[in-house]
Amino acid sequence: MLTEGQKKLLEELKNNLAKSVPEAKISQSDYVLTGYHLEFSSSKVGMRRVAKEMRSRRFNLETVTAVDFIDSFEIVYLYFNYNQDNIRVMVRIRVPKDEPPFTVSAVYSEAIWLEREVYDFFGIQFKEHPDLRRILNPDDADYFPLLKNFGKTTITGEIDDMLC
Amino acid sequence: MTMKTIDDININERLYQLNLGPQHPSTHGVLHFLLTLDGEVVVKAEMLIGYTHRGHEKMAENRIYEQFYPNSARMDYLSGMIFNTGYCEAVEKLCGIEVPKRARYIRVITSELNRVASHLLGVMDFVMGIGAYTPFLYGWDDREIILDLLETITGSRLTYNYSRFGGVRVDIDQTFCDSARRFIDRMRERFKLYNDLITGNIIFIKRTVGVGVISKDVALDYGVTGPTLRGSGVNYDVRKSEPYSSYEDFNFEIPTKEEGDCMARYLVRLAEIEQSLRIIEQAMNNLPDGPIRADVPCFITPPAGDCYHSFESARGAVGYYIVSDGTRIPYRLKVRAPSFSNLFVMSKIIPGHFVADLVAIFGSIDVTVPEIDR
């Protein structure tokens, strides 16, 4: 159940985000099932404008990650605030594989390492990132482990055999 | 030939680099600091991580949901129970599984016992890092009781595999509750000893007060969470802000300190142990009867979609982000590791401190390296 303060903050956020990124799709989602209150999805643009808006409202950047959908990447940003009216905002940006997104590290310093991790595992070259190097994998690695075409197994077949 | 005096030497010639780690007793595992020093003062600190990277996120994409149970506790081996429970709760959220109340209470009891064990180790390791060996042995003694207690129901001492989708594996009995109560009484007595040994010790005070201050703004900028954030005066705990398991049923406080230095973080951890003991006591007094596991199929198939589940480990806010494509295998599983962000803030606060203070600051932040590397 949402409190009055949460409802008010959600409305404000929705309006402000819609104003700053008009091309985005913003919708409320079921917190009990998904764990986030507000879902923001757009294609290619908007990550920096959202980050600035969130920073001005003292939201905390929880994580930055990516999902490989074969034909494109989805960059996922999660924001959460510390004060009484807790709201989690899920920001999804679809980017084509040959057109990397801009960094948000100028707004949140934490993103320097988080985006380095995304680069390390997906090979996404964030534009204007101050320090884009390998972080967990070896410096001389020539692979990006979390891409779907890396280390592909036929496990689905094996499991079905096991269960039958 | 004229001799060079210290003033003639270019600043760049004076700076030199020091490798602290990856094998070093005070780096809690395999963490590598590359320090640029001017004499004994750190000018720049870089953390090189990844020495224990095992690829848990990739492993998750190659196995069914049930097969990932044991992986979850191996990320943070010091609060494995909390990670294990959190993973189960994330998948339960994705599938919409309702967990029986008794199971949720047992999860709270075991998680809080694990948190006490983890905080004891964190505090004592920190104290040992700056030279006090005796308190470490006392703390280890207390922690051993918890490990023995959890071993009776889980069968393991660190990397627990106890939670199941829809409940827990083994029920707790009267013997367990009695032993836990005895432990709580003993632990409350021990606080006096710890205060005498550590908190009032003049060497400890000189090494920690005013050292490694993390301000509120820096903490927000770097995404710091957990006792480290609460030591900087931000009242944020996932157990209060988004109650999971059944934390909404219990009375407890979130200890915070305004100073943001090593001492504040140490005091917050000690106060959190007291609060955890309170929670365990309440949960055992009100432990409901009933089943310990919901009726869940042997192999679950979550619907397509995604979910994010956040929970509070001993080090901060952990998050599991799971994307499902409607098969038995996760399409993507991302773990938000609190130590990852908590460690990065060191590159901001270390410059200007002595090398010896680095060990104190690092100990007071209390990170686990396998959790950073995943």
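**Briefing: chains A and B**

Leaving out neighbours within four places in sequence, I361(B) contacts V211(B), G212(B), C262(B), M346(B), I349(B), I350(B) and H353(B). The model is predicted. The predictor gives the complex an ipTM of 0.88 and a pTM of 0.88. For chain B, the mean pLDDT is 87, and 96% of its residues reach 70 or more.

**Around I361(B)**

- I361(B) sits in helix 15 of chain B, which covers residues 355–365.
- I361(B) counts as buried because 24 other C-beta atoms lie within 10 Å, and the cut-off for buried is 20 or more.
- T208(B) is 153 residues away from I361(B) in sequence, yet the two C-alpha atoms are 8.2 Å apart in space.
- M346(B), one of the contacts of I361(B), is also listed with I361(B) among the residues with the most contacts inside the largest nonpolar core.

**The nonpolar core**

- The largest nonpolar core has 147 residues.
- Residues with the most contacts inside this core are Y77(A), V89(A), I322(B), M346(B) and I361(B).
- Helix 5 of chain B (residues 101–129) supplies the largest share of the core, 14 residues.
- As a general rule, nonpolar side chains in soluble globular proteins tend to be buried together.

**Y77(A) and its partners**

- Apart from residues up to four places away in sequence, Y77(A) touches M47(A), L61(A), V64(A) and V91(A).
- V91(A), in strand 5 of chain A, stands opposite Y77(A).
- Strand 4 (residues 72–81) and strand 5 (residues 88–96) of chain A run antiparallel and are joined by 9 bridges.

**The sheet of chain A**

- In chain A, 5 strands form an open sheet with mixed pairing, in the order 1-2-5-4-3.
- Strand 1 (25–28) and strand 3 (59–68) of chain A are the edge strands, each pairing on one side only.
- On average, neighbouring strands of this sheet are turned by 15° against each other, direction ignored.
- Helix 3 of chain A (residues 47–56) packs on the sheet and touches strand 2 (38–43), strand 3, strand 4 and strand 5 of chain A.
- The direction of helix 3 makes about 165° with that of strand 5 of chain A.
- In general, strands of a sheet pair through backbone hydrogen bonds, either parallel or antiparallel.

**Chain A as a whole**

- Chain A has 5 helices and 5 strands.
- Along the sequence, the elements of chain A follow the pattern α-β-α-β-α-β-β-β-α-α.
- Chain A has 164 residues, and 41% of them count as buried.
- Of the contacts in chain A between residues at least 6 apart in sequence, 50% join residues at least 24 apart.
- Taken along the principal axes, the C-alpha atoms of chain A fill a box of roughly 50 × 50 × 30 Å.

**Where the chains meet**

- The contact between the chains takes 30 residues from chain A and 38 residues from chain B.
- On the side of chain B that touches chain A, the elements giving two or more residues are helix 2 (56–60), helix 9 (216–221), strand 6 (305–312), strand 7 (317–324), strand 8 (332–336) and helix 13 (338–344).
- Strand 6 of chain B gives the most to this side, with 5 residues.
- By class, this side of chain B has 14 nonpolar, 12 polar and 12 charged residues.

Definitions and conventions: Residues are numbered from 1 along each chain as its sequence is written. Chains are lettered from A and ligands numbered from 1 in the order in which they are written. This is a predicted model: local features need pLDDT of at least 70, side-chain atom pairs count only at pLDDT 80 or more; totals for chains, interfaces and linings use all residues. Two residues are in contact if their C-beta atoms, placed from the backbone, lie within 7 Å. Helices (H or I, at least four residues) and strands (E, at least two) are DSSP runs, numbered from the N terminus. Ala, Val, Leu, Ile, Met, Phe, Trp, Tyr, Cys and Pro count as nonpolar, Asp, Glu, Lys and Arg as charged, and the others, Gly among them, as polar. pLDDT is the predictor's confidence in each residue, from 0 to 100. A nonpolar core is a set of buried Ala, Val, Leu, Ile, Met, Phe, Trp, Tyr and Cys residues joined through C-beta atoms within 7 Å. A residue is buried if 20 or more other C-beta atoms lie within 10 Å of its own, exposed if 12 or fewer, and partly exposed in between; C-beta atoms are placed from the backbone. Two strands pair if DSSP finds at least two bridges between them. Axes are lines fitted to C-alpha atoms, for helices over the stretch in contact, and angles run from 0 to 180 degrees between N-to-C directions.
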